[in-house]
Amino acid sequence: MTLDLAAFAKDKGIKYFMISYTDLFAGQRAKLVPAQAIAGMQEEGAGFAGFATWLDMTPAHPDLFAVPDASSVIQLPWKKDVAWVAADCMMEGELVAQAPRNVLKRLIEQAEAEGKRVKTGVEAEFFLITADGSKISDEYDTAEKPCYDQQAVMRRYDVIAEICDYMLELGWGAYQNDHEDANGQFEMNWEFDDALKTADKHSFFKFMVKSIAEKHGLRATFMPKPFKGLTGNGCHCHISVWDNDSRTNVFADREAEFGLSAEGRHFLGGIMKHASSLAAITNPTVNSYKRINAPRTTSGATWSPNTVTWTGNNRTHMVRVPGPGRFELRLPDGAVNPYLLQAIIIAAGLDGLRSRADPGLHHDIDMYAEGHLVKNAPRLPLNLLDALRAYDEDEGLKQAIGSEFSEAYLKLKHQEWNAYCSHFTQWERDSTLDI
């Protein structure tokens, strides 16, 4: 039974609803709707001009309507008279095929039709920086190996604890928080869930972290590589597949190598098969490739892959199988669109299941020290253009995630790349002014 948002507002004391959708560039777009108007909005949706956001539309397109999905509604823990609700984009009574949440929901339906329910958890890393974005916010956070630094995490206790308290209040099952491997960097973990619920939570988490940081006079960034020499922001994704009643993890087989069943290996095979193409989605910005192709950081490791390899419980590879019944994809970064991350994983994994794809040999070596010994594994793209070209050439993956979405995404991302290439940098002046 669909939740009545007007009744929800009356019961919870909500004055305003943020009807929110995420565009192709992961921009969070919203309209602030008074509770008195939410009944009509729940039926018809809130109107937007699609061209004004990063969707492949023109000013001549009809109105885009964001229809709230009441099951996703969240009362803002830090501002109780406002509620956030994820929305599905419609135009002239039809779902907008390029809209990321719609892309994900279509793939979830395909998986369920094949008896599969994809569950995931994400590790969304972020930096707490100064309000102007120029440096990390804690001047004393200077250790060479700052990961898990007890003093540093406590100096940001007010921010981290407030966010964690809210996740607990929301019932997300928050279970740990830590200072990450870069100075000024943090990670907060909550329980895994169905792919759509994880995507909605991921989207809200980014909004919440930024909001609470601003409340404390700081700024939070999920940018993949905001500081040279420091570990970048990853968004590792843990993946398992269950039957439709969520009782049986079909990836789990304790008798198999790494506890990963034949179906788990085929799903992983799809990820390995499409890895270079995946990067266009999982690593969607110019800056992303400064993370996955980074030189040694001050801590001694980048904690990100640059080669298409998999392994057991070893963090130097693109995919890690840390225990029975799941694997961790370490490729995505902080800029990834929460909905497209889940969608591309399902699209590649379902292709692997259908084709009974083989993930190939696993490697147990330290890829940072001995990666040069692996001769037959593809390197990940060196830049966004290479990733877009790999994605464009992967006809199977483009069709799987949706041809209309793929066309729109590639068009706008090529425009972004061209804009980057036309920008003059200080490096060019420093390096070539006197040539």
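How are H3 and H6 oriented to each other, roughly parallel or roughly antiparallel? H3 and H6 are roughly antiparallel (angles over 145 degrees count as such).

## Model basis

This is a predicted model: local features need pLDDT of at least 70, side-chain atom pairs count only at pLDDT 80 or more, and totals for chains, interfaces and linings use all residues. Residues are numbered from 1 along each chain as its sequence is written, and side-chain values use heavy atoms, without hydrogens and water.

## The helix pair

Helix H3 spans residues 100-113 and helix H6 residues 195-215. Helices here are DSSP runs (H or I, at least four residues), as are strands (E, at least two), numbered from the N terminus. H3 and H6 pack at about 160°, axes 10 Å apart. Axes are lines fitted to C-alpha atoms, for helices over the stretch in contact; angles run from 0 to 180 degrees between N-to-C directions.

H3 contributes Arg101, Leu104, Lys105 and Ile108 to the contact (heavy atoms within 4.5 Å). H6 contributes Ala195, Leu196, Ala199 and Asp200. By class, the contact has five nonpolar, no polar and three charged residues.

## The sheet

Six strands form an open sheet, ordered E12-E8-E14-E17-E16-E15, with mixed pairing (at least two DSSP bridges between two strands). Its edge strands are E12 (193-194) and E15 (310-311), each pairing on one side only. Helix H7 (residues 262-273) packs on this sheet. H7 touches E14 (235-242), E15, E16 (319-323) and E17 (326-329), and its direction makes about 10° with that of E17.

E8 (residues 117-124) pairs with E12 in the antiparallel sense over two bridges. Asp194 in E12 is the bridge partner of Lys119.

Conventions. Angles under 35 degrees count as roughly parallel, over 145 as roughly antiparallel, 65 to 115 as roughly perpendicular and the rest as oblique. Ala, Val, Leu, Ile, Met, Phe, Trp, Tyr, Cys and Pro count as nonpolar, Asp, Glu, Lys and Arg as charged, and the others, Gly among them, as polar.
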